[in-house]
Amino acid sequence: MPAFLQRSLGKRQPWLRRCFAGALGLALAAPALAATSSDDLVMKQALDAARDQRWDAIDQAAIQDHVLAGYVEYHRLRARLSTASAAEVNAFITRYGDSPLAEWMRGTAQTRFGQQGRFADLLAISDGEPDGAIRQCYYYTALLDRDPARAAAGGEALWHVGASQPDACDTLFATLTQRGVLTDEDTWERMMLAWENGQSGLVSYLERSLGDAWQPAITQFERVSANYAAVTQIPQDLGPGKGAAGALTAATMYAFTRADTEAALEAWRKIAPHAALSDAQRQSVERDLAFYSMVRDVANNQGWVDANLPRLADADLIELRIRNAVTAGHWQNVVRWTQALPAEARGDAHWQYWLGRAQAALGNDEAARRAYANAASERSFFGFAAADRLGQPYHLQMSDTHVTTLQQELTNMLPVVQRTEALMRIGEEGLARSEWYTAAARDTPEQAAALADYAIRQGWYAMAVQTTIAAKQWDALPWRFPAAYRESFLHWGERQQVDPFLLMGIARRESAFNPEAMSPVGARGLMQLMPGTADHVARQLGIAAPSTSELFQPQTNIRLGSSYIRSMLERYRGNRIAATAAYNAGPQRVDRWLNSAPREFDRFVESIPFRETRDYVQAVLAYRVIFESLAKQGDTQGVAMLTPAERQGRYDPTLIASN
């Protein structure tokens, strides 16, 4: 280890020095990107000019041999798509087929050709059904005369949604209506879907398009809209074609179940034997009733739920039933419903763990050990918890991530690597990620592995993580869980007296180590801090409130995030399960959960009502195990997911030290 790193780690805990010594070597060997050259500067200027369509400002001769010349070509062709031929577009798609530029051009051209009514050209550049409603509408409009059956099927799928569709669909829908493919019955069904979706404007629009013959059905709709219990009085021969009752009944039950689940089931018992619903509509109604009965713990509905779950054969519903049984401590029901799961779901470590817990509670020790052993073979929160029950080390299931020197050299020369590096050099990180992820999703497993290795060596941690996701490299742990920003995590972990592996687990779950990450609600940076939270923590630390841009700086983000999780740890007497839940959902919610949740750690986690938080806690604590194990070269001996106090303590209000 270099002397400056020895000095840096010298004052830290000896176990931290040992854990991180091996991990440091890989990063020190990572190549650095070359400095921006004059060619890159010219390319950057050309790309900016192309975006603004300032063609006179582009020195085409100076950029024609640059690896990013295709980006300028993309903007040139995009700007003249109104007069470009399908052959030109296809030539571009072929030329840049290994880049996201190809599909971007295809999608843009499909929209432009559709707007212009150039449907033969649209089909000539298409490769099956496109993404997005606008392009799909144009695509199926183009097929109206060439392949009427496919156009009808596609148009019907676009019609039967409970929301407004773009204007691009107008010609398609009008033609299918004229041909008799879309009928008044289809309008009625869409009207019901719109009602379910709360789209009152679309409901009114569709209602106005129905003729006088539909007035009795509309009257029934208005009646049940005002009183859901009137669902029991819907005539089964409703509508001009005598088939409108099914959609109205299904939509009413949708609303009724959400408003009053117990009363909705009572109504369903009355109408179920004779209701004129399709199999799909009936399945949807009963699934809703089962789901909301369990989520809301409607005691009077439980008998019906248990009687019908096997017939519904829905793994998500059965898992919810198991979760409720775990929370209530009804161990015989845990066994019953775990055995009712489909084989694939039943074998998951999560449910094998609970089968083990149930069998142990029922005194079936050998069956419990078998279930725990099955669970302990997996790398997850409950897999690790099962290993703890058996007193054995954790099983990481880690694959070999060695890439030969020859493979590395060949990877360095790949066009996608050259383009990504160049985009990074000119500050186009978003485009660079698009290039990289497109390649990772398309390449062979061997090539994707080489890309992940390259990203790690470059220090592109977020890109390495996303590469493993795109390539489904679930066991490539050194790439999925890189020791990213480790010096900052070490430093602030020591300063705040917080386990740095916990900090890394939080950051990995929150942002996948993307320092520029921003959530839809405004959380920012590696540890996804909300600006208000960051300001509050900064005041507690006696420092200036960070600007928005500063929250994207790893050092600042980790400093504030580590301080915030420390405050949660102090609040819950060092308990990382409760503190991690509070980091995600807020301490007020966790305080409420501790008032009524089961007292054991595993049942407390299973009883967390928010799926996001429930999954979050499990992921962070499992990730923490992985990070510590990787810092020990994959050795899990001596690694513990939970402390004895966390495993054996009571999860109740006594866990709360302060408010």
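Which residue's charged end sits over the ring of Y254? The charged end of R258 does, 3.6 Å from the ring centre. This is a predicted model, where local features need pLDDT of at least 70, side-chain atom pairs count only at pLDDT 80 or more, and totals for chains, interfaces and linings use all residues. Residues are numbered from 1 along each chain as its sequence is written, and side-chain values use heavy atoms, with hydrogens and water left out.

**View 1. Charges over rings at Y254 and F481.**
R258 is placed over the ring of Y254. R508 lies over the face of F481, 4.7 Å from the ring centre. A charge sits over a ring if NZ of Lys or CZ of Arg is within 6 Å of the ring centre and within 35 degrees of the ring normal.

**View 2. The aromatic pair W195 and F221.**
The whole structure holds 27 aromatic pairs. W195 and F221 form an edge-to-face pair, with 5.1 Å centre to centre and 90° between the planes. Rings of Phe, Tyr and Trp (its six-membered ring) pair if their centres lie within 6.5 Å; planes under 30 degrees apart are stacked, over 60 edge-to-face, and the rest tilted. W195 lies in helix α12 (residues 184–196) and F221 in helix α14 (residues 215–226), so the pair ties together parts 26 residues apart in sequence. Helices are DSSP runs (H or I, at least four residues), numbered from the N terminus. Both W195 and F221 are buried. Buried means under 20% relative accessible area, exposed over 50%, and partly exposed in between (1.4 Å probe, protein chains only).

**View 3. The stacked pair W331 and W354.**
These two rings are stacked, 6.4 Å centre to centre and 25° between the planes. W331 is in helix α20 (residues 331–340) and W354 in helix α22, 23 residues apart. Both W331 and W354 are buried. Ring pairs link W331, Y353, W354, Y372, F381 and F382 into a cluster.

**View 4. Helix α24 and its cover.**
Eight of the ten residues of α24 are buried. Among them are F381, F382, F384 and D388. The cover over the buried residues includes α22, α23 (365–376), α37, α38 and α39 (644–648). Just after α24, G391 takes a positive phi of about 70°.

**View 5. The largest pocket.**
The largest pocket has about 1,500 Å³ of space. Of its 50 lining residues, R323, H350, R614, D615 and Q618 are the closest to its centre. A pocket is an open set of points on a 1 Å grid over the protein atoms alone, where a 1.4 Å probe fits, with protein on both sides within 12 Å along at least five of seven lines; lining residues have an atom within 4 Å of a point. Points are joined across faces, edges and corners, and the volume is the space filled by probe spheres set on them. Helix α19 gives the most to the lining, with nine residues.

S488 sits in helix α31 (residues 486–496). S488 is buried, with a relative accessible area of 8%. Leaving aside neighbours within four places in sequence, S488 is in contact (heavy atoms within 4.5 Å) with G493, Q555 and I558. E262 lies in helix α16 (residues 261–271). At 38% relative accessibility, E262 counts as partly exposed. E262 touches V298, N300 and N301, not counting residues up to four places away in sequence.

Conventions:
Helices (H or I, at least four residues) and strands (E, at least two) are DSSP runs, numbered from the N terminus.
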